[in-house]
Amino acid sequence: MGSGLAGWSAVREFRKLDSITPVLMITADAGDFYAKPTLSNALVQGKAAAQLVTTHAEKMVATLGVTLLQHTHVTGIDVQTQEVHTQSKGSFGYRQLVLATGAKAIRLSFTGNAATEVLSVNSLDDYATFRAKLKPQARVLIIGAGLIGCEFANDLAASGYVVEVVDPGASPLASLLPLKASTQLRESLEALGVRWHFGTSASSIDRVNDDYVVAFASGQTAVVDVVLSAVGLRADMTLAQAAGLATERGIVVNAQLQTSTPYVYALGDNTQYASASAGVSRTMPYVMPIMAAARALAQTLTGTPTDVQFALMPVAIKTPALPLLVAPALPGIQGAWVNVQDGIWQYIDVHGQVRGFILSGAQTSRRAEQAKLVTA
């Protein structure tokens, strides 16, 4: 279930090991293959939604030998009879079921007559809608100064749009970066024309003639043409919860990606991984963990139970105004960020060991060197 990167990667890895077993993929959209991270930096490249598709569904089907049910909504999973029920195409039995349903954009509540007109970009259709709203030199308010918010701010400002960002924190990417790195990012995006509103939040959104008037909790207002929410994603667990699977921040799986129910597995943005190597339970909404999970899952599905192993996986943040590469320490590790050199921070734990790193600007080329210093 699901035709995003997680779903197609699972199929691709499975087919490397088993070319015979029938595979059925059910998706609510067209099933075209594209990289979701490209959504936040496509404007400056002048790309429309259709141009972000790297492989159309028909070719994926032919190459991997699957049956694809497009634009099909699943209404329920019966784990007792091992069946998946759909709204329009009947029910299907399974020997093994893989949930790759991804994540949904978090929707905040606002007052005002235009509260429901806030946009989020989490799919090709979302991006197409967003792009259609962007008239030349449009004024855009981004709600959220996290990773996606900063990437969109950079992309929009570099594309000639007027950009404002509102966030209750004190600086961009405040939960991920040490203050000095965050300040550098703030200043770099300011140089592109981005205007920040920190320490406050959007409370109401009203349509006044052709403008949106956004009121902040601080009493300030912003008058813009488009309002984009970039406050994060939440694992899509609706069907899993209805089926009685264990869920917390995501669908809970063990080290072999099996859920709390036999024959049902999960990977991707909807999943909360319990990794044997990491020793912690966490969601990992990035590309590299999906690829590692897909390889391990393929082994398990074809009869060789395999624990997923997550190596150090630095995340490249797409802010060309200040390129950033972040390899955060695992959750629960006590320590602090230390600025060891201009553009290089290391997360040092209480025993003096390096457990993560951040590189900015030209120092991003030193990824391999820094990775060798990190204690597993």
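How many of the seven residues of strand S26 (residues 354–360) are buried?

Modeller: A caution comes before the answer: this is a predicted model. In it, seven of the seven residues of strand S26, which spans residues 354–360, are buried, so the strand counts as mostly covered.

The partners of S26 come next. Strand S23 (residues 324–327) is joined to S26 by four bridges, and the two run antiparallel. Within this pairing, Val326 of chain position 326 stands opposite Ile358 in S26. Strand S25 (residues 344–349) also pairs with S26, over five bridges and again in the antiparallel sense. Here Tyr347 is the residue that stands opposite Gly356 in S26. S25 and S26 form a hairpin with four residues between the strands. In that hairpin, Gly352 takes a positive phi near 85°.

Now the surroundings, beginning with the nonpolar cores. In soluble globular proteins, nonpolar side chains tend to be buried together. The largest nonpolar core in this model has 49 residues. Those with the most contacts inside this core are Trp8, Ile77, Leu97, Leu99, Leu267, Tyr273 and Leu297. H7 gives the most, with seven residues.

Leaving aside residues up to four places away in sequence, Leu267 touches Ala6, Ala10, Val98, Leu99, Ala100, Tyr273, Ile290, Ala293, Ala294 and Leu297. Another core, of 44 residues, lies apart from the largest one. Its members include Tyr161, Leu173, Ala181 and Trp345.

At least two lining residues come from each of H1, strand S1, strand S7 (91–93) and S8. H1 provides the largest share of this lining, four residues. By class, the lining has 16 nonpolar, five polar and one charged residues.

To return to the strand you asked about: S26 is mostly covered, with S23 joined to it by four bridges and S25 by five.

Key:
Residues are numbered from 1 along each chain as its sequence is written. This is a predicted model: local features need pLDDT of at least 70, side-chain atom pairs count only at pLDDT 80 or more; totals for chains, interfaces and linings use all residues. Side-chain values use heavy atoms; hydrogens and water are left out. A nonpolar core is a set of buried Ala, Val, Leu, Ile, Met, Phe, Trp, Tyr and Cys residues joined through side-chain atoms within 4.5 Å. Buried means under 20% relative accessible area, exposed over 50%, partly exposed in between (1.4 Å probe, protein chains only). Contact means heavy atoms within 4.5 Å. Two strands pair if DSSP finds at least two bridges between them. Ala, Val, Leu, Ile, Met, Phe, Trp, Tyr, Cys and Pro count as nonpolar, Asp, Glu, Lys and Arg as charged, and the others, Gly among them, as polar.
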